[in-house]
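Colleague: Could you take me through a close look at one part of this model, giving the cut-offs behind each term as you go?

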Amino acid sequence: MMKPPSILPLRLDRVVLDIGGKRVIKDVSATLTAAPCSIVLGPNGAGKTLLLKLCHGLIAPTAGSVTWAGAPCGNVQHAQAMVFQQPVMLRRSVAANIAYALTVRGRPRAEQRARIDDVLARTGLRRFAESPARRLSVGEKQRLALARAWAIEPQVLFLDEPTASLDPAGTRQVEEIILAIHRGGTKVIMTTHDLQQARRLADEVMFLHRGRLYEQTPAAAFFTAPRTPEAQRFLEGTLFPNIRRVV
Ligand SMILES: Nc1ncnc2c1ncn2[C@@H]1O[C@H](COP(=O)(O)OP(=O)(O)OP(=O)(O)O)[C@@H](O)[C@H]1O
Ligand SMILES: [Mg+2]
């Protein structure tokens, strides 16, 4: 089968988002290319989740534009997937949850079984194939969410704090899966506020603070010599979200 044309680069041009009279994303411009694993970093309330939702086309910007290889969002939805911090599972088996995602994307039933077996094996969930998805533990659910996204072989995968409620071993397991998906050629755009995790995964860092993109920098440079004082303070642990220091 011929490879479909790339939907990347993703371009944000002066993107603004107002919610309830408050400007929560402020004039963000950036270009995201296919290769790097892009990690969006920033303190609580910085606008990381909203930025991901804007990129994925779940919300429309108040001003500015989000385009994919020059095309508007709606045309490329089928080539993207997003995994949320608390993924929602259908009241069906683990395998049926993945089958549903494949069916929605128009994948023929005949090829679904092999694809489902493959992603369940890669995410360590084979023994749960026929278990009810909603009974999985939090960590297993998160792996199922990744398996479901992986099954549809998206060009771009958005991940919003995918390890926020996992223990260290569960976190490493999910990180391994993310790296494998990325090595397979999927562009990964992910938020975290776990700096150690960002060091392990990032090829480039997009640093957000109070709705502004302060820098988009190759990871090695960001962690050794961030360009902005805000990023410097974030790395030192002395950048506070929206409040003044109280101690
Ligand atoms: N539906 C909404 N209505 C009003 N304000 C909102 C809404 N969603 C987000 N905000 C505000 O927008 C800002 C950015 O929110 P966002 O969820 O993107 O932050 P975040 O960087 O993902 O934070 P966290 O690290 O806590 O997940 C916050 O100040 C938040 O209160
Ligand atoms: Mg968030």
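Modeller: Alanine 69 sits in the loop between strand 4 (63–68) and strand 5 (71–72), where strands (E, at least two residues) and helices (H or I, at least four residues) are DSSP runs numbered from the N terminus. This is a predicted model, in which local features need pLDDT of at least 70 and side-chain atom pairs count only at pLDDT 80 or more, while totals for chains, interfaces and linings use all residues. Residues are numbered from 1 along each chain as its sequence is written, and chains are lettered from A and ligands numbered from 1 in the order in which they are written.

Although alanine 69 is not a glycine, its phi is positive, at about 45°, and the residue is partly exposed, with 13 other C-beta atoms within 10 Å. On that scale a residue is buried if 20 or more other C-beta atoms, placed from the backbone, lie within 10 Å of its own, exposed if 12 or fewer, and partly exposed in between. Glutamate 161, in the loop between strand 7 and helix 5, likewise has a positive phi of about 45° without being a glycine, and with 19 other C-beta atoms within 10 Å it is partly exposed.

Strand 7, helix 5 (residues 168–183) and strand 8 form a right-handed β-α-β unit, right-handed meaning that, with the strands pointing away from the viewer, the path from the first strand over the helix to the second runs clockwise. Six of the six residues of strand 8 (residues 187–192) are buried, so this strand is largely enclosed by the rest of the structure. Lys187, Ile189 and Thr191 point one way from strand 8, whereas Val188, Met190 and Thr192 point the other way.

Strand 8 has parallel partners, pairing being taken to require at least two DSSP bridges between two strands. Strand 7 (residues 156–160) is joined to strand 8 by five bridges, with valine 156 standing opposite lysine 187. Strand 3 (residues 38–41) is joined to strand 8 by four bridges, and here valine 40 stands opposite threonine 191.

One backbone detail lies elsewhere: leucine 8 and proline 9 are joined by a cis peptide bond, with omega about 5°, and proline 9 belongs to the segment before strand 1 (10–19).
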